[in-house]
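Please read the following report alongside the sequence and the model shown here.

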Amino acid sequence: MNGQNTSTNPPGKPNVQRTPMPPRRFWLLFAAVLLVNWVISSYLFPGDAPVTVPYTEFREQAGAGNVSSIYSRGNTIEGRFKNAVTWPPAKPAAQPGQPEAPRVRPIPGEPRGPSRTATTFTTELPTFFDKDLERFLIDHGVEIGAVPINQGSLLATLLYGFGPAILIIGFYVWMYRRAAKQGGMGGMGGGVFGLGRSKAKRYDNADAANRVTFEDVAGIDEAETELVEIVEFLKNPQKYTRLGGTSPKGVLLIGSPGTGKTLLAKAVAGEAGVPFFSMSAAEFVEMIVGVGAARVRDLFKQARENAPAIIFIDEIDAIGRARGQVAIGGASEQEQTLQQILTEMDGFSGREGIIVLAATNTPDVLDRALLRPGRFDRRVVVNLPDKAGREAILKVHVRKVPLAADVHLEELAQSTPGFSGADLKNLVNEAALLAARRDETEVHHKDFLDALEKIVLGPERPLLLSPDDKERIAYHESGHAILGLVVPGADPVHRVSIVPRGQALGVTYQRPQTDRYNYPEAYLRARIIGMLGGRAAEEVVYGTKTTGAENDIEQATNLARNMVTRWGMSEAIGMVQLAPRGNAYLGQAGAFGGEKPFSDETAKLIDDEVQRIIQECHQQALRLLREHRAALDGLVRALLEKETVGEQEILQATGLPPAPELQSRPLHDLTQHTP
Ligand SMILES: Nc1ncnc2c1ncn2[C@@H]1O[C@H](COP(=O)(O)OP(=O)(O)OP(=O)(O)O)[C@@H](O)[C@H]1O
Ligand SMILES: [Zn+2]
C-alpha cells in the first residue's frame, strides 16, 4: 500500500497537557495529621474502646458477678466489667463433651481476629427478649444506669465527634495561607510544603558537562539566528540599554512538539553563561487556589536574585489560554496565575537582565494580554526541520554513536520528512539499541532503516499468514510499488516489505526528493494512482477484492476531496473554497463547524467530482499494471523470497529503470491496513 502517513504529529509525541500532581509531601503531611488525630482521641479515651461480646458471654460474666454497670439503648447494651475481660478468649482448649456456647445471633462487628482485653463492652440483646434479665442483673449486683457508659465530658464528646474534621480543615486553611504568603516570604525556604515554591529546575552552566550551546542545536537556523541577539543582550546588557532602549522581556517560541524549543532556550542560557530557570506551566497550577501565583512569584524572585538569568516557561498555553476559554473550575486559578506572570513581567525595568522565554505549540489560543508589547512581544517560530536540517540534526545526535561506513545520513534525512528533532534523536537511539541487540560493533545503515520502520509502523507482529495471504499482500504492495516507479511524477520507491507491523500487513516506502511546499496537480494524481495500486493489482491478478485496501481508499478519497473543495482542481466547481483549510498537510480534511456553507446541488457536484477523479485514477492504475505485469510478478517473487526489498533489489526484480527524478511529498508515505 502506498498511502501516506499524513498525521501531523510525528509518532510518540502526543500533545497533551499534564495534569499537575500534588506533591508527595502533601500526602505525607495529610497522613501525619490523621495520625495526630488518632493519638489525641486515644489519649482522651485511654484503652477504653469497648470490646464487643456475645450476649451469652455477657450473661455469663453477669452471673459471675463481674459486671458492675450497664446502660441500654434499644437492643444494644453497653457496660463495664469489674475485671477486664478478653474476647474472644485466647483459643479455649476444645473440651470434649462441652459444646461451644450457642450463638444467639451473629454479633455485628464482632472481632474475628486477635482477641482484645477491655473493661467496657457492648453487646446486642437477642430479639426474643430475655424476660428475666432485669431480675437476674439486679440479683447479681449490676447497676443499670441512665448515662451511657462511655460518655465522658461534653468537651470530650465534642472533640471525639468533630475533632478530626476540625483538624483537617485547620490543616487546609493553614496550608493555603502559607502557600499564598509564599511570595512575600519565599526566602524562608519556600514554605513547609514547598507548595508555593516554584519548583523550577535550575540549570547552571558551571558544570560544563551539561551545558547546552548552539552547537547542540541544528536544523532550525532561523530560530537560532533570532535568539543570538538575546544572547548578546544577556552577555552585555549595558551595550544595549546605553541609549535608553530596553531589552526584550519575553520571547515566545512557537513550534510543534519536539522541534527543540526547550533545547533552544537552554542553549541561549548556555551561550550567555547565565542560569536557566525552567518550569512547565502545567506545574504552576495545583489543586489549591493561589498556589500558582505564589509559584510564579517565587520563580521570578529566584531569577531576580541570580540576574542576569533566563526563565523558561514550557507549555504556556496551559495557563495562558484566553480568559473565558478555559473550563469552568480551573478558570480562576489559571487567571490568577496568568495575572501574576503579567504583573511580574511588567515589574521589571528591562535592565535587570531577565528574559522570559515561553514555549507553546498552539499560539492561537493564547490570551492577547500575553502578547502585548512589553510582554511576549517577540515571537520565534521553530519549524519542523527540512531535509538539510534533518541531516544536521542527525549529525548532532550520532556524535556519540560509532557509525559503520555504509551509513548514509543524507538518505535517512530524505526518508524522514515530517520528523522533528526529538523524533530524529529517537531514531538514532533506536538504531543504536538495535545494533547492540544484534551484537554489532558499529551501527549500520540497515539498523537505521529497521529502526525507522519500527518507529513509524510499530514493532513487527508475528502473524501466521497462509501462503495465499502472503502472496496477495505481496501483490498488493507490489502494485503500489510498480506504480511508484512508472507513473511520471511519483515519488521513488525505496523499500517494500510484507512483514506485518503494527496495523499494517505490508508497506511500501516512497521517498520524496525534496521537502515540498507546493504540489502540482499531476503529482497529486500520481499519488492517488499509487494509493489505488494495491487494490488494482489484486483485481488484475485475482479478479476479486479484499478489505485490505480500506486505508488506501480513505486516503485517496481525502486527497481527491481536497483537490475539489480546497485547491480548485475541478473544472466543474472552479476556484471556490468549499472546505476549510485542514491541517497544512495533504490529505487531512478540515471540517466546517456546523452547517455546510453550500447548497445540496453543490454537495452533489462535489461528490460527482471526487468520484470522477478516483475513477480516472483507478482506470489508470489498472491499465499501467496490466502493461507492467511482468515487472509486477518479478517484484512479488522477490518479496516472497526476502520479505523486505531495498531500492536496488526493486530495480533488479522489476527490470524497470529508476523513476525519473521529480516530485516529492511532505510526509512519510506509508499505509496501514486495518482489515
Ligand atoms: N533542532 C534540534 N537539534 C538537535 N536536537 C534536537 C533538536 N530539536 C530537538 N532535539 C532533540 O529532541 C529533544 C527534545 O526536544 P525539546 O524538548 O527541546 O523539544 P520541545 O520543542 O521543547 O518539545 P515540547 O514542545 O514537547 O516541549 C532535545 O533534547 C534534543 O535532544
Ligand atoms: Zn495498500
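R80 stands opposite T120, a residue of β4. This is a predicted model, in which local features need pLDDT of at least 70 and side-chain atom pairs count only at pLDDT 80 or more, while totals for chains, interfaces and linings use all residues. Residues are numbered from 1 along each chain as its sequence is written, and chains are lettered from A and ligands numbered from 1 in the order in which they are written.

Strands β3 (residues 76–87) and β4 (residues 116–124) run antiparallel and are joined by eight bridges; strands are DSSP runs of E with at least two residues, helices are runs of H or I with at least four, and both are numbered from the N terminus. Two strands pair if DSSP finds at least two bridges between them, and the open sheet of five strands, with mixed pairing, has the order β1-β4-β3-β2-β5. Because β1 (51–52) and β5 (143–144) stand at the edges with a single partner strand each, one side of each is left without a neighbour in the sheet.

The UniProt annotation "binding site", from an unreviewed entry, covers H476, H480 and D552, and such annotations may be inferred rather than shown by experiment. Although spread over 77 residues of sequence, these positions cluster in space, with a largest C-alpha distance of 10.8 Å.
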